[in-house]
Amino acid sequence: MTLSTALSNATSGLVSSGLRAEVTSTNIANASTPGYVRRTVISQEGVLGGRGSGVRSNIIDRAQDMSLTRSRRDADAVAGRTNQTANAYSTLNRNLGAPGADYGLFSDLESLESAFKDLAATPESPALQSAVVAAASQMSDQFNTLAEDAQKLREDTDKGIAQSVDTVNNALYALQDVNKDMASLGPNSPEAAPLEDERQRLIDKIASIIPVRDVPRDHNQVDIVTENGTSLLAGNVFELSFTPTSALPNTVRYPEISGVPSGLFVGNQDITPGNGEPQSISNGKLAGQFAVRDTVIPEYLDELDSLAGEIISRFSDDSLDTSKAAGAPGLFTDNGNALDSLNPRGVADRIQINAAVDPNQGGTISRIRDGMGATTAGDSGDSTLING
């Protein structure tokens, strides 16, 4: 072995050791970096003419188990949907208030009942009559506020869907760029490792929003398809499309009116969660957002409307208040009128106290004792209507 050969072999060994040290320090420095995968230098002994000719260390192996990675992404997608619905339920329940709480709808119902009981014992008291009217007004306002808050949450969720769609589309274009950069590199080349980390981070980002599969292709490329096989990246990007709704009335449900609110599409393919189509997505942040917009909040509003309608109806019972005309509203109204049974949606937003008993609307508080249709003061000690 010549001196130059010996020096060359020694140099290649030093280079290999230096590369291992560099990769080890990189692994330590990035131990907590999201998406980073531990790397290992793979060395190969060079042989020339039956003799050793140094060491080659030009392969970087990424210690990633793709089967486990895909399982984790599936779990992230399930968590993405669950987190969206759980947060929505938490917000709605917090706004509603629980029985026994000192705020919210249940508290206002209890306050109204208590005010009626106090007035029943002293029906002639203007102060107690005013207290009932104030409690009734507070309760109707609470219905209005709860409906408005839920509707605001629904509109915000619709905007959030648009933001999630933009995030996925941007990540798909970034993946397309990484594919192009990877095309000329070997899968285990040193230059490929950081690009592969970036690719996996982008796929992780997409998978938490919409469940996807990465499909390896020739020349170190990957395609991206949804869980049900709709292509999102196959050389070219196939964008998600969604049109946010500037105003989303609480009476509108998906998909009763074509295009309002918008579904989720890839080209002409409808992948909207919950639409019953084979290509619809079932998990991920987007599926959770659609569930909140189209199921969780509408069901909550329907229940709220049902309760508001029941209260208007019970207090408008003709046998309860004989002073008013048959069919006329009682203490509570549907936007100033009798309950509109043909338009049950939005009642919680429309419930109001009857102007006839509200001094702020020119009414007379003594009608809480004498009846909504009373034209003259009745027996000051009569608590029949109040008890009713």
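Mentor: Axes are lines fitted to C-alpha atoms, for helices over the stretch in contact, and angles run from 0 to 180 degrees between N-to-C directions. This is a predicted model, in which local features need pLDDT of at least 70, side-chain atom pairs count only at pLDDT 80 or more, and totals for chains, interfaces and linings use all residues. Residues are numbered from 1 along each chain as its sequence is written, and side-chain values use heavy atoms, with hydrogens and water left out.

Trainee: How many helices and strands are there in the protein?

Mentor: Helices (H or I, at least four residues) and strands (E, at least two) are DSSP runs, numbered from the N terminus. Counted in this way, the protein has 9 helices and 11 strands.

Trainee: At what angle do α4 and helix α5 pack?

Mentor: Helix α5 covers residues 192–209, and its axis lies 9 Å from that of α4. Angles under 35 degrees count as roughly parallel, over 145 as roughly antiparallel, 65 to 115 as roughly perpendicular and the rest as oblique. The two helices pack at an angle of about 160 degrees, which makes α4 and α5 roughly antiparallel.

Trainee: How do the residues of the contact of α4 with α5 divide?

Mentor: Contact means heavy atoms within 4.5 Å, and among the residues that make this one are N179 of α4 and R199 of α5. Ala, Val, Leu, Ile, Met, Phe, Trp, Tyr, Cys and Pro count as nonpolar, Asp, Glu, Lys and Arg as charged, and the others, Gly among them, as polar. The residues divide into 13 nonpolar, 3 polar and 5 charged.

Trainee: Does N179 count as buried or exposed?

Mentor: N179 is found in helix α4 and touches R199, N220, Q221, V222 and L233, leaving aside residues up to four places away in sequence. Buried means under 20% relative accessible area, exposed over 50%, and partly exposed in between (1.4 Å probe, protein chains only). Because its relative accessibility is 4%, N179 counts as buried.

Trainee: Within what distance do the axes of helix α4 and helix α6 come?

Mentor: Helix α4 spans residues 126–182 and helix α6 spans residues 285–315. Their axes cross at roughly 165 degrees, so α4 and α6 are roughly antiparallel to each other. The axes come within 9 Å.

Trainee: Which residues does G235 touch?

Mentor: G235 is found in the loop between β5 (231–234) and β6 (236–237). Not counting residues up to four places away in sequence, G235 touches Q176 and D223.
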